[in-house]
Amino acid sequence: MQSGTPETIRPNQTPMNEITIRMLETIRDFKDCEDIQKEVWGFSEREIVPLAELKSTLKAGGLAAGAFDREGTMAGFVLGFWALDESGKVFHYSRRLGVRKSLRGLGLGRTLKLYQKDFVLGRGFSLVRWTYDPLEGENASLNIGKLGAEASDYLVDFYGTDPEPPNRGIPTDRFFVRWQVDSDRVRERAESGRPDADPAELLATLPCMLKSRPLAGGLSAVGETAAIPGGSPVTAEIPASMRALKEADLKEALRWRTAFRGAAMSLFSKGYRAVEFATGEVEGRRRSLYVFSKGGK
């Protein structure tokens, strides 16, 4: 185990007695990582990061680590490699993070990301970047809310539009986030495990430029839109469940993609950043929203 990498981490509220985070080592480890990618995303052989690339990533000094239970079964994984930005500065690109469906909600995703944070800091670097779908609330809650990453870059249809699941013909727009792992913001959230922000409070105190309206089955449609206020923090909602919406109403899912794209890109062009995310029940239905701000949060 290299310097700066924690050997064992125990997630809160896990039914397993112990989870060990370590680098992938054996052929079985690499094949288990392939299998989890297929389970989590329904990927084909063409879409997974395969054994050969996993081994090459490790050989080149990148990150390919798994979370293992006491019996040695892989519960999740995190992958990343080193990259250069436009100015030639080195950063760590987080390629993929996955947790078995049966173990979601136990904090394993956060635990794997904190392992990645220590991996990066232990090698003398401080910036981690990755992409994710901003309309997927579960990912937004982890990336922006719990980890303290921020977003100010919007990528339109980054991977191209695929008619097959999981995208179902919806453009693959992505946030390109920045996770400054040596910052006070990230350190505080890593140490405190801070509670999620309250969506009811945010909706009551901040202007909302993109609101939802209820649909049957607990789903949500695009509702009211508003202009950006001058310089103050602002919220913008996303669907209660984009995954469920794509299965139930593709046209409404596409409306969300278009509406949120317009809102986020407009905010980013004016110097705003996505700095917070909140989700929860508000007046009998789930509301999920970002906070965009020009200053610190």
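Student: How many aromatic pairs does a search of the whole structure find?

Tutor: Rings of Phe, Tyr and Trp (its six-membered ring) pair if their centres lie within 6.5 Å; planes under 30 degrees apart count as stacked, over 60 as edge-to-face and the rest as tilted. This is a predicted model, with pLDDT of at least 70 needed for local features and 80 or more for side-chain atom pairs, while totals for chains, interfaces and linings use all residues. Residues are numbered from 1 along each chain as its sequence is written, and side-chain values use heavy atoms, leaving out hydrogens and water. Searching the whole structure, you get 17 aromatic pairs.

Student: Which kind of pair do Trp 130 and Trp 179 form?

Tutor: Their centres are 5.5 Å apart, with 85° between the planes. Trp 130 is in strand β5 (residues 127-132) and Trp 179 in strand β7 (residues 174-180), so the pair ties together parts 49 residues apart in sequence; strands (E, at least two residues) and helices (H or I, at least four) are DSSP runs, numbered from the N terminus. By geometry, the pair is edge-to-face.

Student: Are those two Trp residues buried or exposed?

Tutor: Buried means under 20% relative accessible area, exposed over 50%, partly exposed in between (1.4 Å probe, protein chains only). Trp 130 comes in at 5% and Trp 179 at 0%, so Trp 130 is buried and Trp 179 is buried.

Student: What angle do the ring planes of Phe 277 and Tyr 290 make?

Tutor: Phe 277 sits in strand β11 (residues 273-282) and Tyr 290 in strand β12 (residues 285-293), 13 residues apart. Both Phe 277 and Tyr 290 are buried. Their ring centres are 5.0 Å apart, and the pair is edge-to-face because the planes are at 65°.

Student: How much space lies in the largest cavity?

Tutor: On a 1 Å grid over the protein atoms alone, a cavity is a set of points where a 1.4 Å probe fits but cannot get out, and lining residues have an atom within 4 Å of a point. Points are joined across faces, edges and corners, and the volume is the space filled by probe spheres set on them. The lining includes Val 49, Phe 81 and Arg 95. The volume is about 50 Å³.

Technical notes. 1 Å grid on protein atoms, 1.4 Å probe; cavity = no way out; pocket = protein on both sides within 12 Å on 5 of 7 lines; lining within 4 Å.
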